[in-house]
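Q: Please take a close look at one part of this model, the sheet and what surrounds it. Keep it brisk.

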Amino acid sequence: MQTALDSHAALAALAWQIELGADEAIGDAPVDRFALAEAEAAAAAAPAAEAPRARPAAPPPPPAAPKVDPADVARAAAAVARTLDDLRAAVAEFDLCDLKKGARTTVFADGNPAARVMILGEAPGRDEDMEGLPFVGRAGQLLDRMLAAIGLSRRSPDSETAAYISNVMFWRPPGNREPTPEELAMVLPFTLRHIELVRPQVLVLMGNTPCGALLGRRGILRLRGQWTQAQGLPVLPMAHPAYLLRNPAAKREAWADLLELQAKLRSLT
Ligand code: URA
């Protein structure tokens, strides 16, 4: 029968075992040391487990594609356009302006390209986007009446009395916001080529946006009615017809500007 140790005897027994070299606690269950030794020997003889294979190095990423400047793409496409139809197709194929994604149609131009007067507005609105033609909504109807007042019409087959109409942006901006300077800059090469191909005698810029794009100046209420030059042509800035619809009192000045335009055309014949 096992007798209980008192604490002094237990400590003395532990000290005696440590002196003999015991350095770990022994479990309650018996351990077959012979079997353990055999298992250790077998493990030592077994081939080493295969180390996980190193993954092959990933190929280096391809060099980043050079960043394209949309204005350069537009310039190259515009430069090879020999006719207005070529230019219309090049504008329709240009995919780098995000406004195109939200628009139904590309609005290129309307009127007689043989006209002596080329009119540039801002951008298509809802009606223009639906019809694919510039200035067909309320502002466009006012523009037609203004032109008629000095004997001009976009429908005239006679170059003397005809008008040719376009915008400095070919796609409707969402919510009819103004096109940003970046959006305008990327399509400006098309407009410059447009002017070269039409070769009008006089350019009329309707509102701040075309003045900013072609003259680098805004402030239409100061610029209006003052002849200036762009692309080697006489240029007349005028208030936009949409502004005239909102501010009928400004029609008096617009009438003065139309008479200026008429006088210039007479002086150039
Ligand atoms: N306003 C513009 O500037 N252009 C259009 O075509 C229609 C409205």
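A: Gln231 lies in the loop between S5 and S6. Helices (H or I, at least four residues) and strands (E, at least two) are DSSP runs, numbered from the N terminus. The model is predicted: local features need pLDDT of at least 70, side-chain atom pairs count only at pLDDT 80 or more, and totals for chains, interfaces and linings use all residues. Residues are numbered from 1 along each chain as its sequence is written, and side-chain values use heavy atoms, without hydrogens and water.

Gln231 has a positive phi, near 55°. Most residues other than glycine have a negative phi. Gln231 is partly exposed, at 42% relative accessibility (buried is under 20% relative accessible area, exposed over 50%, partly exposed in between, with a 1.4 Å probe and protein chains only).

Now the sheet. Six strands form it, in the order S1-S3-S2-S4-S6-S5. The sheet is open and its pairing is mixed. Two strands pair if DSSP finds at least two bridges between them. S1 (109–111) and S5 (228–230) are the edge strands, each pairing on one side only. S1 pairs with S3 (residues 163–167) in the antiparallel sense, over three bridges. Asp110 has Ile165 in S3 as its bridge partner.

Helix H7 (residues 138–149) lies across S2 (117–121), S3, S4 (202–206) and S6 (233–238). H7 runs at about 150° to S3. Axes are lines fitted to C-alpha atoms, for helices over the stretch in contact (heavy atoms within 4.5 Å), and angles run from 0 to 180 degrees between N-to-C directions.
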